[in-house]
Amino acid sequence: MKKLCIIACLLLGITAVNAQHQVNPFFDQKGMARIQTVEYSGTHDTIITVDHRQDDIIWSRMVYRIVDLRYKQNYQLYFPTKSDDLHYRNLLKVIADAIVDGLPIYEKNGETIKPNDFDIANPMSKAQVPMAYFIEDPTEDYSTDESHYDIASSSSMLIHYDTVSGKMEVNDYAFEDLSKNQIKYLLLEMVFFDTHTSRLHTKIMAIAPLNSDLIRTKDNVMSALHEAITFWIPFDALRPYLAMQYVIPFQNETKRVTFDDFFQKKLYTSYIVGEGNQYNRFIPEYSLIEKDVKKEQARIETELLTFEQDLWEY
């Protein structure tokens with residue numbers, strides 16, 4: 001009798017648990033798939049960060065990488081290029097919406113591609129933001145270039161600033177034109193070894209959209225790279241916005257990856273254009289032949305990959 005009572009209690013408990021568990025069907029009443037495409041607004045509060053102690057870092061190296069969205073592995077950062085998609089946004093749209101929401105952006109260094117110190121108290125003002133994204137080159141004559149997109153007019157700026165209300169908004173018409181040519185981003189990374197975790201870590205410190213048209217038209221690659229930088233964004237300030245948007249799924253509609261996951265898991269591909277060195281030079285400044293550039297990039301990549309293994313004895 002005692003055993004029967006125990007079994008009955010267990011059955012009642014299991015039934016109660018099952019009754020409390022809400023089953024969400026994959027298809028709704030209209031027969032459409034329930035696929036969430038936007039994170040909850042509170043997700044940015046759950047971003048995982050690791051505070052590395054300064055005393056534990058015994059080696060670090062600064063690296064500059066270009067993420068080219070023309071590579072297939074980076075397509076999820078490029079699409080969709082239209083602004084009318086109800087579920088997805090590309091990286092440019094996420095950044096533009098974040099700037100309108102108050103994300104601080106910073107001017108580039110006047111002489112090199114390195115960013116100025118990110119002074120929290122001195123980001124670009126709201127009035128400066130619209131012209132920060134693609135400024136016309138006053139030395140160029142675009143009158144005969146039919147393919148040139150005139151961004152000098154206020155109607156074609158990516159972000160509008162209302163001087164009366166002090167508010168900014170994204171210009172969807174300009175976005176669709178600019179988004180097609182936004183194919184490159186510059187990343188500033190720090191690769192470092194932490195003795196506490198006994199492993200090599202990589203942290204993206206900043207990201208900068210590049211004007212690809214300037215890179216293609218300039219003879220001096222390094223000068224073009226500097227001019228192509230529109231502005232710098234501290235990556236940690238951008239992460240809360242990246243965590244609230246999914247990228248377009250690839251080959252699996254139910255696999256949900258946010259932009260933050262995409263970068264933290266290094267699902268993108270990139271190539272090195274420079275590193276921290278005593279000469280303060282980047283690869284295009286001392287390697288002018290394509291073969292030499294690739295050789296130098298391979299050397300740096302190899303050194304980064306083998307550093308951790310060289311610390312151990314087998």
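So, Arg-299: with 31% relative accessibility, this one counts as partly exposed. Buried means under 20% relative accessible area, exposed over 50%, and partly exposed sits in between (1.4 Å probe, protein chains only). Quick caution: this is a predicted model, where local features need pLDDT of at least 70, side-chain atom pairs count only at pLDDT 80 or more, and totals for chains, interfaces and linings use all residues. Residues are numbered from 1 along each chain as its sequence is written, and side-chain values use heavy atoms, with hydrogens and water left out.

Okay, who does Arg-299 meet? Glu-275, in a salt bridge at 3.2 Å, N to O. By salt bridge I mean a side-chain nitrogen of Lys or Arg within 4 Å of a carboxyl oxygen of Asp or Glu. Glu-275 lies in strand β7 (residues 271–275) and Arg-299 in helix α11, so the pair ties together parts 24 residues apart in sequence. Helices (H or I, at least four residues) and strands (E, at least two) are DSSP runs, numbered from the N terminus. Glu-275, at 9% relative accessibility, is buried.

Take Glu-303 and Arg-61, whose closest N and O atoms are 2.8 Å apart. They link distant parts of the chain, helix α11 (residues 290–310) and strand β1 (residues 57–68), 242 residues apart. Glu-303 is partly exposed at 31%, while Arg-61 is buried at 16%.

Elsewhere, Asp-260 and Arg-239 pair up at 2.7 Å between the closest N and O atoms, and both are buried. Across the whole structure, the search finds 16 salt bridges.
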